[in-house]
Amino acid sequence: MDGRPARHRGAAAGRPRLDPPAPRGGAEWSGIVHSAVERYHAVAVAPYWSQLLAAAHADRTRRALAAADTGTGGLLASLHPEIRWEPPVLSVPCAFDTDLEPAGRGLDLVPTFFWPRPLALLDNAEPERPLVLRYPLARDLAAYRAVWAAAAPAGPDGALAALLGTTRARTLHAAAAPAGTAELARRTGTSPATASHHASVLRAAGLLTTERDGPGVRHALTPMGRALLQDHALPPPSA
């Protein structure tokens, strides 16, 4: 006997042996994390990518129109109830209090779906880069459910079709090269009257311009319309 109470010996005897984990190199840990992120993306993001992209497109269009109608102040004040714009001060909720002088760096507005509150990134590695302000696309469960509703049509134009409608999305694509109404109708496989109607809706949304061209008209993308197409052309992350 070693003098210790029996209950201590029993506890020691019954304790499972835990071998230390095998050492892993940085490359191996990186692979494990990368694999876990890919699996998460496949389950939580990839099946809903078209809806998320369509919601982001719609939000960007709405923000651009708000900026045109109410100016920068109106745009900032509309992002989220917790973001306050009291010229010349922009107040954003943070974990600590700090005053920051932008010094001409600018401000990047980034919509996000997976974080429900505003988030300011103030520690960019490069001091000359713009500050980043993330704001939520959805603020309540009803808004989240709207995005998880019926999936966007399948195919490369699914997100744009979910945002604009199939024929209107084709009309926007067709106007990538300026054209008259008859040519838009030919490119989209619709009648001139239908093409003219969709061009009018896109023009009212600030995505197209229409100018007189001799006896007819000429439709062309606005910078916002072209940006919408270019952003849509970016492939989603690999699942």
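Is F114 buried, partly exposed or exposed? With a relative accessibility of 45%, F114 counts as partly exposed, because that class lies between the cut-offs of 20% and 50%. The structure described here is a predicted model, and the values below are computed from it.

**The aromatic pair**

F114 has an aromatic partner in F113, and a search of the whole structure finds one such pair. The ring centres of F113 and F114 lie 5.7 Å apart, and their planes stand at 85° to each other, an arrangement that is edge-to-face. The assignment follows from the angle, because planes over 60 degrees apart count as edge-to-face.

**Packing of helix α6**

Helix α6, which spans residues 166–174, packs with helix α8, residues 192–204, and also with helix α7, residues 181–188.

| Helix pair | Angle | Axis separation |
|---|---|---|
| α6 and α8 | about 80° | 10 Å |
| α6 and α7 | about 120° | 9 Å |

At about 80°, α6 is roughly perpendicular to α8, because angles from 65 to 115 degrees fall in that class. On the α6 side, this contact involves T167, R168, T171 and L172, and these residues meet H197, H198, A199, V201 and L202 of α8. Sorted by class, the contact of α6 with α8 holds four nonpolar, four polar and one charged residues.

The angle of about 120° between α6 and α7 makes these two helices oblique to each other, and α6 passes α7 in a right-handed crossing. Here α6 contributes R170, T171 and A174, while α7 contributes L184, R187 and T188. By class, the contact of α6 with α7 comprises two nonpolar, two polar and two charged residues. T171 of α6 is listed in the contact with α8 and again in the contact with α7.

**T181 in helix α7**

Which residues does T181 contact, leaving aside its neighbours within four places in sequence? T181, whose place is in helix α7, is in contact with P192, A195, S196, V217 and H219. T181 has a relative accessible area of 19% and is therefore buried, since the class of buried residues takes in values under 20%. Among the contacts of T181 are P192, A195 and S196, whose numbers fall in the stretch 192–204 that makes up α8.

Conventions. Residues are numbered from 1 along each chain as its sequence is written. This is a predicted model: local features need pLDDT of at least 70, side-chain atom pairs count only at pLDDT 80 or more; totals for chains, interfaces and linings use all residues. Side-chain values use heavy atoms; hydrogens and water are left out. Rings of Phe, Tyr and Trp (its six-membered ring) pair if their centres lie within 6.5 Å; planes under 30 degrees apart count as stacked, over 60 as edge-to-face and the rest as tilted. Buried means under 20% relative accessible area, exposed over 50%, partly exposed in between (1.4 Å probe, protein chains only). Axes are lines fitted to C-alpha atoms, for helices over the stretch in contact, and angles run from 0 to 180 degrees between N-to-C directions. Helices (H or I, at least four residues) and strands (E, at least two) are DSSP runs, numbered from the N terminus. Angles under 35 degrees count as roughly parallel, over 145 as roughly antiparallel, 65 to 115 as roughly perpendicular and the rest as oblique. Contact means heavy atoms within 4.5 Å. Ala, Val, Leu, Ile, Met, Phe, Trp, Tyr, Cys and Pro count as nonpolar, Asp, Glu, Lys and Arg as charged, and the others, Gly among them, as polar. A crossing is left-handed if the near helix is turned anticlockwise from the far one by less than a right angle, and right-handed if clockwise.
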